[in-house]
Amino acid sequence: MSPVVKLSNVHKYFGALKVLEGVSFEVERGGVAAVIGQSGSGKSTALRCINALETIQDGTIEVCGHAVGDPKLDRRALRQDVGIVFQSYNLFPHLTVEQNIMLAPTCVKSIGKSEARDLARDVLAQVGLSEKAQQYPEQLSGGQQQRVAIARSLAMQPKLMLFDEVTSALDPQLTGEVLKVMEDLARGGMTMILVTHEMAFARKVASQVIYMHKGQVWETGPGSMLDAPKTPELANFVGSGL
Amino acid sequence: MTTPTFSLLHVEFLAWAALWTLGLSAIAFVGGGLLGFGVMLARIGPSKLLRRAASTYIQIVQGTPLLILLFLIYYGIAIFAGPGFPAILAAGAGLTIYASGFLAEIWRGCIEAVPKTQWEAAECLALTRWQRMTRVILPQALRIATPPTVGFLVQIVKNTSLASVIGFIELAQAGKLINNSIFEPFTVFMVVAAFYFAICFPLSMWSRKLERKLNVAGR
């Protein structure tokens, strides 16, 4: 089975600043990869490169059959296969929850209004927010907004979901409700890559943990690697979190 | 023979001229709005050439006094079309260009005030550039843009008075004509000012009301 995501020797610079220096990893279909590491280790940048939000200077990225580094990449085709959820939710404040979710399916996939509404109902049920369809984002808590953002991505029926520190702006209780939704998704077989600081969640849900340090994949393995780090850097990172 | 004094007839004449002021303002606002919107799109668009062209256009328009712009157009057209060209067309064209240069820049600022992350979120949902603009960014920018746009509308109304220099009879020119015949400058121009105020004050109030509403909604 070919991997859904494959990064090979990816290099990314912001001017003279080297952010990614030869990053390689793969994620299989149905796999859940948790990318961890200090701030500035390049984990968010790596995630953004997968979705072509950042261009890379060297190496290759293959995502669901799209060659992401290729200048001729069809970005819209890529984004129909890849959903992304951000730390700051980025819901559209002028639209209701339901309209937020219906926008992309009606615009991009040209499906009818009523069908899109059914779709919105389904994904809202999936994140446990059926009763909030007619509310505006500002009327919701942070955790609820983030779950709507997840639902909005799911409505496009992506093959891969990216999560960029989605719980970093939330308090522990709200974090819990968002993580629950993500765990359900993982159980349902969704291929996911998440950049996270939630070590317990990574250990429990991830099929693969990727520890990034200084723009490189420093150590990678199953969730249990967090209990027995091989490198002093990871030991230090895990230790400082306790 | 008695000297004529300021009478109701004169007020009637001014009221009629005020309609021309309103008409010219409407032409400038609609024309300038359409042209300015196009210039704004070019100014923030993906094409470097168009961006530079739009930026140059804005610089030139904003750096030219409206009075000179009106002269240039009025006499410029006369060179090609011959004399007898209707003043309202020249005045309308001049004010349209003037308004477009400012509205383009006001609206660019409003669009750029919408967080970049909104563009990004829309992009990641596979929306086209046009869909991102019309479905996500513009509706949000519209709320930000309304107060400064209405504020600029007030400027346009007052600036139509400059059209008098190319022979267009609007409120200011009508005041001048009346004054030439009865020579009561203070009375005449007080009434003229009152007309301008009667047009501009409701607009200002509307702008302030919109701003308050926006601030409340923004929190």
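Guide: Gladly! This is a predicted model, and in chain B 33% of the 219 residues count as buried.

Visitor: What makes a residue of this chain count as buried?

Guide: A residue is buried if 20 or more other C-beta atoms lie within 10 Å of its own. In chain B, 33% of the residues pass that test.

Visitor: Which elements make up chain B, and in what pattern?

Guide: Chain B has 8 helices and 0 strands, so its pattern along the sequence reads α-α-α-α-α-α-α-α. Its C-alpha atoms fill a box of roughly 80 × 45 × 20 Å along the principal axes.

Visitor: How do α1(B) and α6(B) pack?

Guide: Helix α1 (residues 8-44) of chain B and helix α6 (residues 129-159) of chain B have axes 9 Å apart, at an angle of about 130 degrees.

Visitor: Why is α1(B) called oblique to α6(B)?

Guide: Angles over 145 degrees count as roughly antiparallel and 65 to 115 as roughly perpendicular. The angle here is about 130 degrees, which makes α1(B) oblique to α6(B). The crossing is right-handed.

Visitor: Which residues make the contact?

Guide: From α1(B) come B:T21, B:S25, B:A28 and B:F29, and from α6(B) come B:L153, B:I156 and B:V157.

Visitor: What classes do the residues in this contact fall into?

Guide: The contact of α1(B) with α6(B) has 5 nonpolar, 2 polar and no charged residues.

Visitor: And how far apart in sequence are contacting residues in chain B?

Guide: Among contacts between residues at least 6 apart, 76% join residues at least 24 apart.

Notes
Residues numbered from 1 in each chain as written. Chains lettered and ligands numbered in written order. Predicted model: local features only at pLDDT ≥ 70, side-chain atom pairs only at ≥ 80, totals over all residues. Axes fitted to C-alpha atoms, helices over the stretch in contact; angles between N-to-C directions. Helix = DSSP H or I, 4+ residues; strand = E, 2+ residues; numbered from the N terminus. Parallel < 35°, antiparallel > 145°, perpendicular 65-115°, else oblique. Left-handed = near helix turned anticlockwise from the far one by under 90°. Contact = placed C-beta atoms within 7 Å. Nonpolar A, V, L, I, M, F, W, Y, C, P; charged D, E, K, R; others polar. Buried ≥ 20, exposed ≤ 12 C-beta atoms within 10 Å, placed from the backbone.
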